[in-house]
Amino acid sequence: PTVTINQQYATTNLFYWNNIMHDLTYQYGFDEPSGNFQANNQGRGGSGNDYVIADAQDAGGTNNANFSTPADGSRPRMQMYLFNTTTPNRDGDLDNGVVCHEYAHGISNRLTGGPSNTSCLGNAEQGGEGWSDYFALMLTTNWATAQITDGALARPMGTYVLNQATTGAGIRTYPYSTNMSINPWTYANMASTSGEVHVIGEIWCMALWEMTWEMIQQDGINTNLFNAAGTGGNSAALKLVTEGMRLQPCSPGYIDARNAILKADTLFFGAKYSCAIWKAFAKRGMGQGASQGSSGSTADQVASFVNNGGLTLRLTQSVTSQQEGLNVTYTNRVSSGGCSAISNYLLTDTLPSNVTYVSGGTYNATTRVVSFNVNLAQGASQDYSFTVQINPGSYFAPANLINETVASASIPSGWAATTATGTTNWTTSTTQSH
């Protein structure tokens, strides 16, 4: 790579890809008012004189690359290094994914918190490395030949700089793929990252890549990514990811970033892709009920694999209190949500020992389980009810202390109630015996 003609070629490639990144991301909202990198802003807003200084074969290091991002109006610097772990050495300037990755750091830094504040991605749970990998994947995919099933293919990063075939393992823990057996990363793995920023970023990038292919299933592929107005799940996803960075707060965690993407979908597309977004994030542990805790920590996340557009359930009972020997009817209202139908979902309730099954559903006397097979169309709701009888002696057994674990009961005269979790304990008062 140090032969003169190769250096010239590498410098040209670096220049070319910096301009590709500028021109393409401009179409998706990284423009002059957003703090993009231009010498002359043509009177369109923002501060100019901040073109990228991209150093080919920078002598300041090896086996790496970086991008420093000052505030709008000051020039950023990209440093591309040689990789000397192979023979012959490899030049990062010729790994297009690495170049795109570094440039994208400038995008995420300028958009998150605004172009005059480029210090919003210093928290522990932030997706800077993930956004950069995502832009690299998007710009190095040949969308003119891609198929809607290609999301499952393994997409490694940085194979060139390691002198690997394009099918090699690359520089990340796993290649990116919607196939969980190829890339198993979920939000539940955050605590195991030991705070390493690239590993943390892999989890975020995988969720974005998953989302992109879910949106492609819905709207197909825009074969010309430069046409941001074209129809296709890939170009729509890139627009949402870019706008999400602008909408999210400073120091965002992954749930903040997810919510910003959902908001962008509402603003740009009237929530057209909401179901695809929820499905993708739920698959990677950032579904309904997921919690990021503090965005300054990578050890307090709560993962959820629940699709927000999936099943919801509400339980009611026919009476608020009931006497021994009488019936109580419980009703489960099941709703499928607006994203998908529910097929062959098994709803079960286990009866306590102090009630007798009367009717409703399918009852297994051995396990004391009442079950219903649920099949619902998208957006539909249905009630599933069963009735039980409260066994005689449930409230007034021949003892001073009785545990009642079914429906609530009217307090008998002269008896006082103390409550514990899920249990009502009836005890005699000091003035009356039983």
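The lining of the largest pocket splits into six nonpolar, seven polar and four charged residues (nonpolar being Ala, Val, Leu, Ile, Met, Phe, Trp, Tyr, Cys and Pro, charged being Asp, Glu, Lys and Arg, and polar the others, Gly among them). The model is a predicted one, with pLDDT of at least 70 needed for local features and 80 or more for side-chain atom pairs, while totals for chains, interfaces and linings use all residues. Numbering runs from 1 along each chain as its sequence is written, and side-chain values rest on heavy atoms, with hydrogens and water left out.

That pocket has a volume of about 290 Å³. A pocket here is an open set of points on a 1 Å grid over the protein atoms alone, where a 1.4 Å probe fits and protein lies on both sides within 12 Å along at least five of seven lines; lining residues have an atom within 4 Å of a point. Points are joined across faces, edges and corners, and the volume is the space filled by probe spheres set on them. Of the 17 lining residues, Asn-64, Glu-102, Ile-171, Arg-172 and His-198 sit nearest the centre. Two or more lining residues come from each of β2, α2 (96-111) and α3 (128-139), helices being DSSP runs of H or I with at least four residues and strands runs of E with at least two, numbered from the N terminus. The largest share, five residues, is supplied by α2.

As for α2 itself, its 16 residues reach 23 Å from first C-alpha to last, close to the expected 22 Å (1.5 Å times one less than the number of residues). Helix α2 is also mostly covered, with 15 of its 16 residues buried, meaning under 20% relative accessible area with a 1.4 Å probe and protein chains only. Just past the helix, Gly-113 takes a positive phi of about 90°.

The loop between α2 and α3 holds Glu-125, which is buried at a relative accessible area of 0%. A polar atom of the Glu-125 side chain lies 2.9 Å from the backbone nitrogen of Tyr-254. Beyond its neighbours within four places in sequence, Glu-125 is in contact (heavy atoms within 4.5 Å) with residues including Tyr-187, Met-190, Pro-252, Gln-292 and Gln-301. Trp-204, 79 residues away in sequence, has its C-alpha 9.6 Å from that of Glu-125.

Thr-69 belongs to the loop between β2 (65-68) and β3 (77-80) and is buried too, at 12%. Its side chain makes a polar contact with that of Asn-109 at 3.4 Å; such a contact is a pair of N or O atoms within 3.5 Å, one able to donate a hydrogen and the other to accept it, and residues adjacent in sequence count only if both atoms are side-chain atoms. Leaving out neighbours within four places, Thr-69 also touches Phe-37, Pro-76 and His-105, among others.

Over in strand β7 (residues 327-335) sits Asn-332, buried with a relative accessible area of 2%. The side chains of Asn-332 and Asp-349 make a polar contact at 3.0 Å. Among the other contacts of Asn-332, again setting aside neighbours within four places, are Leu-313, Arg-314, Gln-382 and Tyr-384. Finally, Val-355 lies in strand β9 (residues 355-359) and is buried at 3%. Its C-alpha is 9.5 Å from that of Glu-324, a residue 31 places away along the chain.

How values were computed
Buried means under 20% relative accessible area, exposed over 50%, partly exposed in between (1.4 Å probe, protein chains only).
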